[in-house]
Amino acid sequence: MSTTSGPTSTHTPAPASTASRSVPVLWLALLATPVAAASNAAVLILGDMSRSLGITKATASWLVTAFALALAVATPLIAALLRRRGTRTALWAGAAFVAVGTAVVAISPWLPLTLLGRAAQAAGGAGMMAIAINLAGTARRMGVISAGSGILGAVGPLLGERLTSAVSWRAALSILIVTLLAVPAVSRYTTNAPSAAAEGRFDTRGAVLLALLSSGLVLLPSNPLPALAVAAATAGLLAAHIRRRPDGYVPQAALRSRLFRNSVLTALALSVLYFTLLFGIPQLITDRAGWSTGSVAVGQMIAMIAGSVLTLAFAAASARLGQIKVRALLLTVGALAAAAAVFAHDAVVLFVAIGLAVFSATSANATQSIAAASAVPAPQRPTGIGLFQLAYLMGGALGPALATILVLR
């Protein structure tokens, strides 16, 4: 188990299984990338959703937060399902959640039921992402998936706005249904063979404690004192549980690895920044430069596509840089994006900020997920990847909440 982040660590991705060498990467991209579009489709239509449901824009933002939180919490659960029941079972279970959740979102007249539909969609989307990442196997193939997610995420706000104008906001929140097109093709390359490490009973207590900890952290921006109390108490209970069951839902081997911790923290920080700017930049451009919503959507899409294309090139070249240089570069780019968002008043500079943010976040997802996987023993790699994705996707829940407090109110 590597605990360093030296120059060679990027060269040791998780070994690809037979399936990961066989599944065409474009099928994996189609499986995973619609999740980004589904998550970002609500960026420009919070007003439409709030008017339709008779609620405030801040309340409507919970449709975004619920999706992101469910996506984050479900990801390690899907990783456990992969270990215990095999890839094919997890794939079709995810497809069922996507289908049912989308149906609920399409017809639900009430906010609570719509929130449940969004959570079900997210649980299914988590399965699609976890499976695609587990079958990727190399930084280059992960780069294709991550860049594709960035591009679909870039198109998401404009696509959501156009679907809302042409049909309704419910159509915009149903974009995830596209992922089902890849399920039959990917299923042909998968099996129901569980991992050899899937022996013993499922660590239910660890799963519940991690979900509570994640929820407490997400609520910090809106309800800081109660959320902090819940997060602190849950963290203590989870730490004690991990000592009692070191090979459970949260493997102790992963937490003891410096490489794993550094990879997770880098991805979390850059993901929070990206999703905060994703929801905040359109309002900043409208307030500071007077652009219309449609113009902002087009400009943001172009900037985010450019950042995502850079991710594809960077992921391919990252192995030559080493983990320390990769993390330093990505964190520097993220800091520049944050500074531009705070101080810039020119629309072009603000668009550059979101482009830099999407590059730093998606590049971190591509490069640091492989590093995190290489830092844990082979039998626990699906779990390690699931925990890494939990941290990355927490940004999707924290970012909109921070943007609501800092910009959207």
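Visitor: Where is the place of Gln 389?

Guide: Gln 389 sits in helix H19, residues 381–408. Helices here are DSSP runs of H or I with at least four residues, strands are E runs of at least two, and both are numbered from the N terminus. This is a predicted model, in which local features need pLDDT of at least 70 and side-chain atom pairs count only at pLDDT 80 or more, while totals for chains, interfaces and linings use all residues. Residues are numbered from 1 along each chain as its sequence is written, and side-chain values use heavy atoms, with hydrogens and water left out.

Visitor: Is Gln 389 buried or exposed?

Guide: Gln 389 counts as buried, at 2% relative accessibility. Buried means under 20% relative accessible area, exposed means over 50%, and partly exposed is in between (1.4 Å probe, protein chains only).

Visitor: What is Gln 389 in contact with?

Guide: Leaving aside neighbours within four places in sequence, Gln 389 is in contact with Thr 75, Met 129, Ile 133, Asn 365 and Ser 369. Contact means heavy atoms within 4.5 Å.

Visitor: Next, the core. How many residues has the largest nonpolar core?

Guide: The largest nonpolar core has 112 residues. Leu 31, Met 49, Tyr 274, Ile 281 and Ile 354 have the most contacts inside it. A nonpolar core is a set of buried Ala, Val, Leu, Ile, Met, Phe, Trp, Tyr and Cys residues joined through side-chain atoms within 4.5 Å.

Visitor: Take Met 49. Which residues does it touch?

Guide: Not counting residues up to four places away in sequence, Met 49 touches Ala 42, Ala 60, Leu 63, Trp 169 and Leu 173.

Visitor: Where is the place of Trp 110?

Guide: Trp 110 is in the loop between helix H7 (87–107) and helix H8 (111–136). Trp 110 counts as exposed because its relative accessible area is 56%.

Visitor: How many residues of H8 are buried?

Guide: 20 of its 26 residues, so H8 is mostly covered. Its end C-alpha atoms are 37 Å apart, which agrees with the 38 Å that 26 residues should span at 1.5 Å a residue. The expected span is 1.5 Å times one less than the number of residues. Just after H8, Gly 137 takes a positive phi of about 90°.

Visitor: Switching to charges, how many salt bridges are there?

Guide: The count comes to three, a salt bridge being a side-chain nitrogen of Lys or Arg within 4 Å of a carboxyl oxygen of Asp or Glu. Asp 48 pairs with Arg 51, the closest N and O atoms being 3.4 Å apart. Both lie in helix H4 (residues 46–53), three residues apart, about one turn of the helix. Asp 48 is partly exposed at 29%, and Arg 51 is exposed at 61%.

Visitor: What about Glu 161?

Guide: The side chains of Glu 161 and Arg 162 meet in a salt bridge of 3.0 Å, N to O. Glu 161 counts as buried at 15% relative accessibility, and Arg 162 is partly exposed at 45%.

Visitor: Which residue does Asp 203 meet?

Guide: Asp 203 meets Arg 245 in a salt bridge, at 3.8 Å from N to O. The pair links distant parts of the chain, 42 residues apart: Asp 203 is in the loop between helix H11 (183–187) and helix H12 (204–218), and Arg 245 is in the loop between helix H13 (224–244) and helix H14 (252–256). Asp 203 counts as buried at 5%, while Arg 245 counts as partly exposed at 24%.

Visitor: Last one, Thr 164. What is it in contact with?

Guide: Leaving aside neighbours within four places in sequence, Thr 164 is in contact with Ile 45, Asp 48, Trp 169 and Ala 172. Thr 164 belongs to helix H9, residues 139–166. The C-alpha atoms of Thr 164 and Ile 45 are separated by 7.4 Å, though the two are 119 residues apart along the chain.
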